[in-house]
Amino acid sequence: MDSLTIARVWRSHKPPHAFFESGTLTVARALIGMHLLHDDGHTVRAGRIVETEAYLGPRDLAAHSSRGRTPRTEVMFGPPGHAYVYFIYGFWHCLNVVTGAPGVPHAVLVRALEPLGGLDERTWGPGLLCRALHIDRRLNGVDLRGDVLWIERPPAGTPAARIARSTRIGVDYAGDWAQRPWRFFDRSSPFVSSAPARARIRGAARRALGNNAGG
């Protein structure tokens, strides 16, 4: 699907601000199946969210906000529905959706996307999807209901995601908090970060066939 089609079809389905004010676990689950889009002024890139993780700081020791309010985490303490973008390992950017009430540093990490349009790179991991969508720290704090980086509900009639949950990935340092089942994913999607490589190959082939079908 080309950029003009993406922009024309999807800009009218953004969830209300109240959606992001819901409980963080509720939002993390509800985001599965929604669409994430970035318009960089030249290209609109879009993917279907298929994996998320909830972080409920400051008590949650896996959350950045467990270390307190800092310039890095300031966005998490602000109004919900904004992007918290951080940089790790000197290489990767990661995107989080700020949730809950202002002053409560909760967020949902977007971990994987299923490509919909404008994406030619890998999207099965938080750093990979940000690279594919050209998301970096310049987008930290943007309103996710705006016209640059935004979230939308899927079109009516879209099949519901088959949602599963598990413990979060890569947070063993957080002690008992690492055992919380706060990772949500579409168990039918081959683009989930833990899916076998052969499933991704098949999924990418099916998507290519669908994009090239005549009509």
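**From one loop to the whole chain**

Mentor: Pro190 is located in the loop between β8 and α5 (197-211). Helices (H or I, at least four residues) and strands (E, at least two) are DSSP runs, numbered from the N terminus. This is a predicted model, in which local features need pLDDT of at least 70 and side-chain atom pairs count only at pLDDT 80 or more, while totals for chains, interfaces and linings use all residues. Residues are numbered from 1 along each chain as its sequence is written, and side-chain values use heavy atoms, with hydrogens and water left out.

Trainee: Is Pro190 buried or exposed?

Mentor: Pro190 has a relative accessible area of 10%, so it counts as buried. Buried means under 20% relative accessible area, exposed over 50%, and partly exposed in between (1.4 Å probe, protein chains only).

Trainee: What separates the C-alpha atoms of Pro190 and Val50?

Mentor: They are 9.2 Å apart, although the two residues are 140 residues apart along the chain.

Trainee: Then β8 itself. Which way do its residues point?

Mentor: Strand β8 covers residues 183-186; Arg183 and Phe185 point one way, Phe184 and Asp186 the other way, and all are buried.

Trainee: Which strands does β8 run antiparallel to?

Mentor: β8 pairs with β2 in the antiparallel sense over 3 bridges, and Glu53 stands opposite Arg183 there. Two strands pair if DSSP finds at least two bridges between them. Strand β7 (residues 163-166) is also antiparallel to β8, with 4 bridges, and Ile163 faces Asp186.

Trainee: Changing topic: how many residues of β1 are buried?

Mentor: 5 of the 5 are, so β1 is largely enclosed by the rest of the structure. From β1, His35, Leu37 and Asp39 point one way and Leu36 and His38 the other.

Trainee: What does β1 form with β2?

Mentor: A hairpin, with 4 residues between the two strands; in the turn, Gly41 has a positive phi of about 95°. The two strands run antiparallel and are joined by 5 bridges, with His38 opposite Arg45.

Trainee: And where does β6 come in?

Mentor: β1 (residues 35-39) pairs with β6 as well, antiparallel over 4 bridges. Leu36 stands opposite Ile151 in β6, and His38 stands opposite Leu149. In β6 (residues 149-152), Leu149 and Ile151 point one way and Trp150 and Glu152 the other way, and all are buried.

Trainee: Which residues touch the most other members in the largest nonpolar core?

Mentor: Of its 46 residues, they are Leu31, Leu36, Leu95, Val97, Ile135, Leu149 and Ile151. Elements giving two or more residues to this core include α3 (24-30), β4 (92-99), β5 (106-117) and β6. Another core lies apart from it, with 6 residues, among them Val50, Ala112, Phe185 and Phe191. A nonpolar core is a set of buried Ala, Val, Leu, Ile, Met, Phe, Trp, Tyr and Cys residues joined through side-chain atoms within 4.5 Å. In soluble globular proteins, nonpolar side chains tend to be buried together.

Trainee: What does the side chain of Lys14 reach?

Mentor: It reaches the backbone oxygen of Gly146 at 2.5 Å. The Lys14 side chain also makes a polar contact with the side chain of Asp147 (3.0 Å). A polar contact is a pair of N or O atoms within 3.5 Å; within protein, one must be able to donate a hydrogen and the other to accept it, and residues adjacent in sequence count only if both atoms are side-chain atoms. Beyond four places in sequence, residues touched by Lys14 include Trp150, Ile151 and Glu152, where contact means heavy atoms within 4.5 Å.

Trainee: Finally, the whole chain: how many helices and strands?

Mentor: The chain has 5 helices and 8 strands. Buried residues make up 51% of its 215 residues.

Trainee: What is the mean pLDDT?

Mentor: The mean is 90, and 87% of residues reach 70 or more; pLDDT is the predictor's confidence in each residue, from 0 to 100. Over residues 1-9 pLDDT stays under 50. Where pLDDT is low, the predicted coordinates should not be read in detail.
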